[in-house]
Amino acid sequence: MEIPPKSIAGSRYRRDSLNFGMPPIGSPTYGNTSGNRRRVAIVAGVRTPFARSGTTLKDFTAIELGRLAVAELMQRTGLDGREVEMLVFGTVVQSVIAPNIAREVSLLPHFPKNLQAYTVGRACASANQAITDAADQIVLGHADVAIAGGAESLTHIPILHSRGMSDILVAASKAKSLPARLQTLARIRPRDLIPITPAIAEPSTGESMGQSADKMAKVNGISREAQDRFALRSHKMAAKGTDDGRLAAEIVPVPVPPNFDSMMTTDNGIRRDTTYEQMAQLRPAFDKLYGTVTAGNASPLTDGGAAVLLMSEERAKTLGYTPIAFIRSYAYAAIDPGEQLLQAPVFAAPVALQRAGLTLQDMDLVDMHEAFAAQVLSNIQGFASQYWAQRAGFTTPVGEIDPERLNVMGGSISIGHPFGATGARIVTTVANELQRRGGQFALLTVCAAGGMGHAMVLERV
Ligand SMILES: CC(C)(COP(=O)(O)OP(=O)(O)OC[C@H]1O[C@@H](n2cnc3c(N)ncnc32)[C@H](O)[C@@H]1OP(=O)(O)O)[C@@H](O)C(=O)NCCC(=O)NCCS
């Protein structure tokens with residue numbers, strides 16, 4: 001039988017039916033006000049304490065950190081594991097042995113073995129990607145209950161053999177006899193023994209995150225003092241949020257190996273006693289001669305895990321949960337990594353706000369992931385800039401951020417930044433704080449390697 005050629009216009013894959021730009025009103029998606037959309041509820045969120053890599057949580061793998069967060073999420077919500085239909089997790093530095101971390105986490109005894117689970121990677125926005133993937137499935141009606149989050153151990157990073165060493169080892173494994181194998185192994189030279197560690201650098205430009213932040217500080221005129229003062233603020237806000245119990249409430253206490261006779265209950269990167277003067281003394285960490293980015297105004301390498309429980313509004317109601325917040329809209333964007341690597345939130349935020357039908361002035365809280373103080377201050381500048389607005393395709397800037405509403409409990413500079421987990425920490429903290437303040441809307445943004453950016457609008461109604 002001859003199959004007639006499909007006209008694009010007549011096909012169900014018509015361009016206007018794809019989700020380019022704003023969705024048509026009435027479609028089952030985010031941000032519209034029609035009665036038939038399925039709202040995605042954030043029911044609860046929890047995380048492990050965040051620890052500077054190589055310190056208190058050094059004995060835990062990313063899988064174990066993810067499991068700690070998810071097990072606690074199930075414990076706190078009292079949810080029957082059979083209700084969960086999917087688990088999505090983000091991680092950045094993947095284990096070579098267990099690359100689908102989500103599946104390993106889903107094999108917790110809390111769940112039936114047929115819980116499907118997959119892992120996503122969008123650099124520092126990986127947990128955000130996990131959350132929006134799961135949320136999309138809920139919006140589409142493919143799921144009603146999902147767990148999304150992420151975990152990272154920057155202590156347990158894969159150390160690779162050099163290319164020369166790998167070639168020899170592969171050749172040796174294929175050798176047909178012991179003498180042939182020994183002959184192959186005899187080709188190993190001292191330089192082949194030098195291991196390769198994953199770099200926090202852009203494969204496309206070779207520039208590290210820190211170098212990019214230094215460059216952004218120079219290009220945008222962000223002073224060393226402004227960076228140090230912002231970082232100091234981050235520590236003070238995070239210390240306050242920990243001391244008054246708001247951050248501590250989101251953390252599962254973790255027994256510390258090897259003796260398990262003490263508990264880690266709070267993040268160990270928060271320096272409550274640090275001063276501006278101390279921070280001003282620190283030497284540049286990346287551009288040693290002219291740089292302004294230091295260990296003090298950068299986020300530290302960190303171990304940790306975080307997870308959120310998402311449900312359709314209807315299912316949350318049926319199961320008797322009161323959501324903390326709902327996902328109103330989100331967006332992703334990207335910029336040339338060779339330009340300003342961490343500036344893409346400036347492109348994502350206006351799109352997320354537009355999809356939400358809201359403006360910056362409507363936001364009760366704004367939370368920006370703090371990879372570096374130089375990046376946050378560049379993003380803030382970009383929000384208010386006509387130049388960046390036009391580059392994002394808008395006629396007016398997003399606007400000036402009210403400092404009283406920005407990162408009110410610190411951020412990744414103080415709390416720490418386990419790459420794959422940070423997005424779930426931010427969503428949890430912002431949702432809880434929005435509820436505490438009786439606010440209605442919040443905007444969160446995350447910059448990520450590859451020149452990518454994410455923004456999400458949360459709402460409470
Ligand atoms: C910046 C970086 C290189 C620093 O690493 P490090 O040198 O191991 O950092 P440390 O925590 O040991 O800090 C270095 C020194 O600064 C001091 N210091 C750091 N922050 C400080 C603060 N707020 N106040 C006072 N002193 C501080 C430390 O005490 C330490 O002092 P010491 O050498 O006397 O012990 C590392 O944290 C890094 O690579 N961060 C960026 C990670 C990244 O790229 N993330 C991606 C973002 S998307």
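Predicted model: local features only at pLDDT ≥ 70, side-chain atom pairs only at ≥ 80, totals over all residues.
Residues are numbered from 1 along each chain as its sequence is written. Local features need pLDDT of at least 70 and side-chain atom pairs count only at pLDDT 80 or more, while totals for chains, interfaces and linings use all residues; side-chain values use heavy atoms, with hydrogens and water left out.

**Ligand site**

The ligand has 20 residues around it, and Cys124, Met209, Arg271, Thr274 and Ser299 come nearest; a residue is near a molecule or strand if one of its heavy atoms lies within 4 Å of it. By class the shell holds 13 nonpolar, 6 polar and 1 charged residues. Here Ala, Val, Leu, Ile, Met, Phe, Trp, Tyr, Cys and Pro count as nonpolar, Asp, Glu, Lys and Arg as charged, and the others, Gly among them, as polar.

| Residue | Protein atom | Ligand atom | Distance |
|---|---|---|---|
| Arg271 | side-chain N or O | oxygen | 3.2 Å |
| Thr274 | polar side-chain atom | nitrogen | 2.6 Å |
| Ser299 | backbone N or O | nitrogen | 2.9 Å |

Taken alone, the ligand exposes 970 Å², and the protein buries 64% of that. Accessible areas come from the Shrake-Rupley method with a 1.4 Å probe; for residues, only the protein chains shown count as cover.

**Cysteines**

The whole structure contains 0 disulfides, a disulfide being a pair of cysteine sulfur atoms within 2.5 Å. Cys124 is in no disulfide, and the nearest cysteine sulfur, that of Cys447, is 6.5 Å away. Cys447 is likewise in no disulfide, with the sulfur of Cys124 as its nearest cysteine sulfur. Cys124 has 9% relative accessibility and so counts as buried; buried means under 20% relative accessible area, exposed over 50%, and partly exposed in between (1.4 Å probe, protein chains only). Cys447 is also buried, at 2%.

**Two helices**

Helices (H or I, at least four residues) and strands (E, at least two) are DSSP runs, numbered from the N terminus. Helix α14 covers residues 422-437, and its 16 residues should span 22 Å at 1.5 Å a residue; the expected span is 1.5 Å times one less than the number of residues. The end C-alpha atoms of α14 are 22 Å apart, which agrees. Because 13 of its 16 residues are buried, α14 is largely enclosed by the rest of the structure. Gly438 follows α14 and has a positive phi, near 65°.

Helix α11 (residues 373-383) is mostly covered, with 9 of its 11 residues buried. These buried residues are Ala373, Ala374, Gln375, Val376, Leu377, Ser378, Asn379, Gly382 and Phe383.

**Backbone features**

Most residues other than glycine have a negative phi, and most peptide bonds are trans. Ala123 is not a glycine, yet its phi is positive, about 50°. Ala123 lies in the loop between β4 (116-120) and α3 (126-139), and its relative accessibility of 17% makes it buried.

Phe260 also has a positive phi, near 55°. Phe260 is in the loop between β6 and β7 and counts as partly exposed at 48% relative accessibility. Pro258 lies in the loop between β6 and β7 (263-264), and the peptide bond from Pro257 to Pro258 is cis, with omega near 5°.

**Single residues in and after strands**

Val254 belongs to strand β6 (residues 254-255) and is buried, at 0% relative accessibility. The C-alpha atoms of Val254 and Ala44 are separated by 19 Å, and the two residues are 210 residues apart along the chain.

Arg47 is in strand β1 (residues 40-47). Its relative accessible area is 2%, so Arg47 is buried. The side chain of Arg47 makes a polar contact with the side chain of Asp267 at 2.7 Å. A polar contact is a pair of N or O atoms within 3.5 Å; within protein, one must be able to donate a hydrogen and the other to accept it, and residues adjacent in sequence count only if both atoms are side-chain atoms.

Val461 sits in the segment after β12 (452-459) and is exposed, with a relative accessible area of 74%. Val461 and Phe441 are 20 residues apart along the chain, and their C-alpha atoms are separated by 9.0 Å.
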